[in-house]
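Hi,

Here is the model I promised to pass on.

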Amino acid sequence: MKRRTRTITVNGRKYVWWNSFINYTTSLFLSPEGDKTSTISVDFTDELVSGQFNMGVIVRKGETEKSVKIVEPAMAGLVLPYLQEQEIFRPRKHIVMDGCELLEKMGYEVVGIKKGLYWD
């Protein structure tokens, strides 16, 4: 059985991350390891297709296109440097962010949402 939360270190700082699937939304939750009252939810909302949820996003930056799983460390590692730079984590505050909008602010173009029960 997998743990509910995982840790990731970005730029020397440790964070806890986990995810959830509710209705049309796949959420990536991030919190500094030492302050569980400060959380950010990065939500990817899209229409549910025959019981399949949002597994990942396909993003493009310049000529490079790549797929990133929402529920794996790759997404946490992608967004955390930007969130650190913006100094967005605040004690006793829960912030909800639209995942596609966040990626666009980071300079990516979201070209697709990948759905499924498993990642190909």
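Below is what turned up, starting with the strands and ending with the rings.

Before you dig in: this is a predicted model, where local features need pLDDT of at least 70 and side-chain atom pairs count only at pLDDT 80 or more, while totals for chains, interfaces and linings use all residues. Residues are numbered from 1 along each chain as its sequence is written, and side-chain values use heavy atoms, with hydrogens and water left out.

Strands first. Helices (H or I, at least four residues) and strands (E, at least two) are DSSP runs, numbered from the N terminus. Two strands pair if DSSP finds at least two bridges between them. Strand 2 and strand 3 run antiparallel, with eight bridges joining them.

On to strand 4 (residues 38-45), which pairs with strand 3 in the antiparallel sense over six bridges. Here Phe 29 has Ser 41 as its bridge partner in strand 4, and the hairpin joining strand 3 to strand 4 goes through five residues.

How covered is strand 3 (residues 25-32)? Eight of its eight residues are buried (buried means under 20% relative accessible area, exposed over 50%, partly exposed in between, with a 1.4 Å probe and protein chains only). Thr 25, Ser 27, Phe 29 and Ser 31 point one way, Thr 26, Leu 28, Leu 30 and Pro 32 point the other way, and all are buried.

Now helix 1. It has 14 residues and reaches 20 Å from its first C-alpha to its last, close to the 20 Å expected at 1.5 Å a residue (the expected span is 1.5 Å times one less than the number of residues). There is a kink of about 30 degrees at Leu 80, shortly before the proline Pro 81; the bend at a residue is the angle between axes fitted to the seven residues ending there and the seven starting there. The buried residues of helix 1 include Met 75, Leu 78 and Leu 83.

Just after helix 1, Glu 87 takes a positive phi of about 50 degrees, although it is not a glycine. Glu 87 sits in the loop between helix 1 (73-86) and strand 7 (93-98), and is exposed at a relative accessible area of 56%. Asn 11 is another non-glycine with a positive phi, near 50 degrees. Asn 11 belongs to the loop between strand 1 (6-10) and strand 2 (13-22), and counts as exposed at 59% relative accessibility.

Finally, the rings. Searching the whole structure gives three aromatic pairs (rings of Phe, Tyr and Trp, its six-membered ring, pair if their centres lie within 6.5 Å; planes under 30 degrees apart count as stacked, over 60 as edge-to-face and the rest as tilted). Among them, Tyr 15 and Phe 89 are tilted, 5.4 Å centre to centre with 35 degrees between the planes. That pair links distant parts of the chain, with Tyr 15 in strand 2 and Phe 89 in the loop between helix 1 and strand 7, 74 residues apart. Tyr 15 is buried at a relative accessible area of 3%, and Phe 89 is buried at 14%. Trp 18 and Phe 29 have ring centres 5.4 Å apart and planes at 10 degrees, so this pair is stacked.

Cheers
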